[in-house]
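Subject: Structure for your review

Dear colleague,

Please find below the sequence and structure that I am handing over to you. My notes on the findings follow it.

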Amino acid sequence: MKHVLIINGHPDNQSFNYALSEAYTKGASNTNSKLSLVNISDLRFNPNLSFGYRKRMDLEPDLIDAIEKIKKADHIVWIFPMWWYGYPAIMKGFIDRTFLPGITYLPVEGKLFPDKLLKGKTARIIVTADTVSWYNRLVMKNPAINQFKKGTLEFCGISPVKVTYIAPIKNSSSGFRENWLRKIALLGNNLK
């Protein structure tokens, strides 16, 4: 049985990202998979890596639970908005506090790159934005996607990481949103 974890990085539970999360969950519920969900905004934790990597902070129970879900997952779906060509602060804090040495990667003395502790997992990133795709790709060079896909997920061994970019959201029609909800449900149904 495949373990699928859906992580929603949007801080507002009334957002379109939550509707996308529900659509993916609905589609994936038609498969023979075990589904887990993490809404980062529901977690109780300090998002600041207060000592950097000099000293390890105690992990709050919600973070311990989230880390266990990440470790058990075969496929992780991340849903978040792109703001200022990055992702929300609460999601960045979640990554800072959970993607730690010894948990998602392991530094090896004398080696340039660490051991990747999340090998064997795959991921899907679903990003919503107001920036049209061509401008984000050609002019801005996909900063949020590159940072998260290459600098976080692939750095820790998750591969392949597929991306769905949904834009522009601002002033989008209900038809545009309904169409995307159907597409995301199909991704869930096909576990992509």
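N171 is exposed, with a relative accessible area of 75%; exposed denotes over 50%, buried under 20% and partly exposed the range in between, for a 1.4 Å probe and protein chains only. The model is predicted, so local features require pLDDT of at least 70 and side-chain atom pairs pLDDT 80 or more, whereas totals for chains, interfaces and linings use all residues. Residues are numbered from 1 along each chain as its sequence is written, and side-chain values use heavy atoms, with hydrogens and water left out.

**Backbone features in the loops**

N171 is located in the loop between β7 and α6 (174–189); helices (H or I, at least four residues) and strands (E, at least two) are DSSP runs numbered from the N terminus. Although N171 is not a glycine, its phi is positive, at about 65°. That loop between β7 and α6 also holds P168, which is joined to A167 by a cis peptide bond with omega about -10°.

Another cis peptide bond runs from S159 to P160, with omega near -5°. P160 belongs to the loop between α5 and β7 (161–166).

Y85 is a non-glycine residue with a positive phi, of about 60°. It is found in the loop between β3 and α3 and, at 23% relative accessibility, counts as partly exposed.

How many of the 10 residues of helix α3 (residues 89–98) are buried? The number is 7, so the helix is largely enclosed by the rest of the structure. The buried residues are M91, G93, F94, I95, D96, R97 and T98. Their cover includes α2 (61–72), β3 (75–81) and α5 (143–153).

Setting aside residues up to four places away in sequence, R97 touches F45, N46, P47, N48, L49, M57, D58, L59, E60 and L63, where contact means heavy atoms within 4.5 Å. The R97 side chain reaches the backbone oxygen of N46 at 2.6 Å, and it makes a polar contact of 3.0 Å with the side chain of E60. A polar contact is a pair of N or O atoms within 3.5 Å; within protein, one must be able to donate a hydrogen and the other to accept it, and residues adjacent in sequence count only if both atoms are side-chain atoms.

A polar atom of its side chain lies 2.7 Å from the backbone oxygen of F94. Residues up to four places away not being counted, T98 touches L63, I67, I103 and T104.

**Helix packing**

α2 and α3 pack at an angle of about 80°, their axes being 11 Å apart. This makes α2 roughly perpendicular to α3. Axes are lines fitted to C-alpha atoms, for helices over the stretch in contact, and angles run from 0 to 180 degrees between N-to-C directions. Angles under 35 degrees count as roughly parallel, over 145 as roughly antiparallel, 65 to 115 as roughly perpendicular and the rest as oblique. From α2, the residues L63, A66, I67 and I70 meet F94, R97 and T98 of α3.

The axes of α1 (residues 16–28) and α6 come within 6 Å and cross at roughly 40°. The two helices are therefore oblique to each other.

**Nonpolar cores**

The largest nonpolar core comprises 34 residues, and W78, F94, F148 and L153 have the most contacts inside it. Such a core is a set of buried Ala, Val, Leu, Ile, Met, Phe, Trp, Tyr and Cys residues joined through side-chain atoms within 4.5 Å. Two or more residues each come from β1 (2–8), α2, β3, α3, β6 (122–128), α5 and β7. The greatest share is that of α5, with 4 residues. Neighbours within four places in sequence aside, L153 is in contact with W78, F99, A123, I125, F148, I158 and V161. Another core, of 17 residues, lies apart from the largest one and has F16, A28, I126 and L191 among its members.

Kind regards
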